[in-house]
Amino acid sequence: MGGNHEKGMYNQLMVVMACLDAMEDSLCCEKREHKKDVDRLNKKIDSLTQENRLLKDDNARLRSIINNGSSNTSLPPSTDQKGGKPANTFNGRKKTERKAGGQKSHAGTTLTKSDIEEKIATGRCRHEIRTINKVSGQNYVTKYVADLNVELVITEIRIFADENGKFSIPEQYRRCAGILVHDHETALYHFGTDHAECNVHIIRYLRKNTEETGNQWSDKMISLLVGMNKQRKGLMA
């Protein structure tokens, strides 16, 4: 009687263990399937992440092109037509709380009569006299008009042959000499002996960097360039 009971318990235990083994196999198989799903989804996420990054870069590139104008690139003001904005209306000055026009305590500058007479006396300008009404004695009133006369001056350099009939042309007349300041147009690098880029264009590039990236260093660089130029003008005055 006791032996049959023990045998029955053993059989039940074997059945339970077989069920557990089958369940474990099923769980392992399901785990492998889940792992495959996770790997597949991870690959899909990586692919979508890469695609999203490319789309963001492309979007940023297109936005950069759309936002180009005469204020932040070397484009002429005639291209400033985006958003219904008329051409040639850009003002590079930053907005302040001050009213438009002359500011209080600002030291103005103008040519005085003594300044003009000093220039005439030093011969630094051409002095012309025009009379109104009939000239009679020395009783007259003087009014000065300061103007600029821009005229084309062409200098012809004549280089004669030496005793052997050869022409020795100096280097400075073989090509354009000096520093050529321009807006980084590549065609201009074929001229001149040295090059410099106009600060106005550099400031536009820096302003564009600040607008698109929010970087503060470009704003600080603008302040540095403007300050250097102001200091230079002060020393030359």
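**Close-up views of a predicted model**

**View 1. Arg 158 sits in a loop between a helix and a strand.** The loop that holds Arg 158 runs between α2 (113-122) and β1 (179-182). The model shown here is predicted. Arg 158 has a relative accessibility of 60%, and exposed means over 50%, so this residue counts as exposed. Ile 169 lies 11 residues from Arg 158 along the chain. The C-alpha atoms of Arg 158 and Ile 169 are 9.9 Å apart.

**View 2. Helices α3 and α4 pack against each other.** Helix α3 covers residues 199-213, and helix α4 covers residues 217-236. Their axes are 8 Å apart. The packing angle is about 160°. Angles over 145 degrees count as roughly antiparallel, and α3 and α4 are therefore roughly antiparallel to each other. The crossing of the two helices is left-handed.

**View 3. Residues of α3 and α4 form the contact between the helices.** From α3 come Asn 199, Ile 202, Ile 203, Leu 206, Arg 207, Asn 209 and Thr 210. From α4 come Trp 217, Ser 218, Asp 219, Met 221, Ile 222, Leu 225 and Val 226. By class, this contact has 8 nonpolar residues. It also has 4 polar and 2 charged residues.

**View 4. The whole chain gives the setting for the close-ups.** The protein has 4 helices and 2 strands. Read from the N terminus, the order of elements is α-α-β-β-α-α. Of the 237 residues in the protein, 9% are buried. The accessible surface comes to about 21700 Å². Carbon and sulfur atoms account for 56% of that surface. Among contacts with a separation of 6 or more, 26% join residues 24 or more positions apart.

Terms used:
Residues are numbered from 1 along each chain as its sequence is written. This is a predicted model: local features need pLDDT of at least 70, side-chain atom pairs count only at pLDDT 80 or more; totals for chains, interfaces and linings use all residues. Side-chain values use heavy atoms; hydrogens and water are left out. Axes are lines fitted to C-alpha atoms, for helices over the stretch in contact, and angles run from 0 to 180 degrees between N-to-C directions. Angles under 35 degrees count as roughly parallel, over 145 as roughly antiparallel, 65 to 115 as roughly perpendicular and the rest as oblique. A crossing is left-handed if the near helix is turned anticlockwise from the far one by less than a right angle, and right-handed if clockwise. Contact means heavy atoms within 4.5 Å. Ala, Val, Leu, Ile, Met, Phe, Trp, Tyr, Cys and Pro count as nonpolar, Asp, Glu, Lys and Arg as charged, and the others, Gly among them, as polar. Buried means under 20% relative accessible area, exposed over 50%, partly exposed in between (1.4 Å probe, protein chains only). Accessible areas come from the Shrake-Rupley method with a 1.4 Å probe; for residues, only the protein chains shown count as cover.
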